[in-house]
Amino acid sequence: MGKDKKGGVIAGFDAGMGRIRRFIADTIAELGRCSWPSRKELLESTVLVVVAMVILALFVAGVDELAMKLIRLVTVRNA
């Protein structure tokens, strides 16, 4: 299984590891160039997302309740 480095299994493994190392190095370099939010900005954004999710959940629950009442009104017959 261990062929020479000129074109066998070992050379393929080394090439693959080189690509992985390059990918990790490029990823770290790119993360260094990113602009990261401050703690305050992060907290504000998190609160905004949670509030928006609660509002959306209440809206969906309201529409679901209304749809359920409408379906009952249409399908249930009084005897």
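Tutor: With the surface. The protein has an accessible surface of about 7600 Å², and 69% of that belongs to carbon and sulfur atoms. Such areas come from the Shrake-Rupley method with a 1.4 Å probe; for residues, only the protein chains shown count as cover. The model is predicted: local features need pLDDT of at least 70, side-chain atom pairs count only at pLDDT 80 or more, and totals for chains, interfaces and linings use all residues. Residues are numbered from 1 along each chain as its sequence is written, and side-chain values use heavy atoms, with hydrogens and water left out.

Student: What makes Glu-30 and Arg-33 a salt bridge?
Tutor: The N to O distance is 2.6 Å. The definition asks for a side-chain nitrogen of Lys or Arg within 4 Å of a carboxyl oxygen of Asp or Glu. So the pair qualifies. The whole structure holds one salt bridge.

Student: Why are Glu-30 and Arg-33 about one helical turn apart?
Tutor: Because they sit three residues apart in helix H1, residues 9-33. Helices are DSSP runs (H or I, at least four residues), numbered from the N terminus.

Student: Why is Arg-33 called exposed?
Tutor: Its relative accessibility is 59%. Exposed means over 50%, buried under 20%, partly exposed in between (1.4 Å probe, protein chains only). Glu-30, at 43%, is therefore partly exposed.

Student: How do you know that Ile-20 is partly exposed?
Tutor: Its relative accessible area is 45%. Ile-20 lies in helix H1. With Phe-23, Ile-24 and Ile-28, Ile-20 makes a nonpolar surface patch of about 430 Å².

Definitions and conventions
Helices (H or I, at least four residues) and strands (E, at least two) are DSSP runs, numbered from the N terminus. Patches are made of residues with over 30% relative accessible area and no salt bridge: like charges are joined within 9 Å, nonpolar side chains (Val, Leu, Ile, Met, Phe, Trp, Tyr) within 5 Å.
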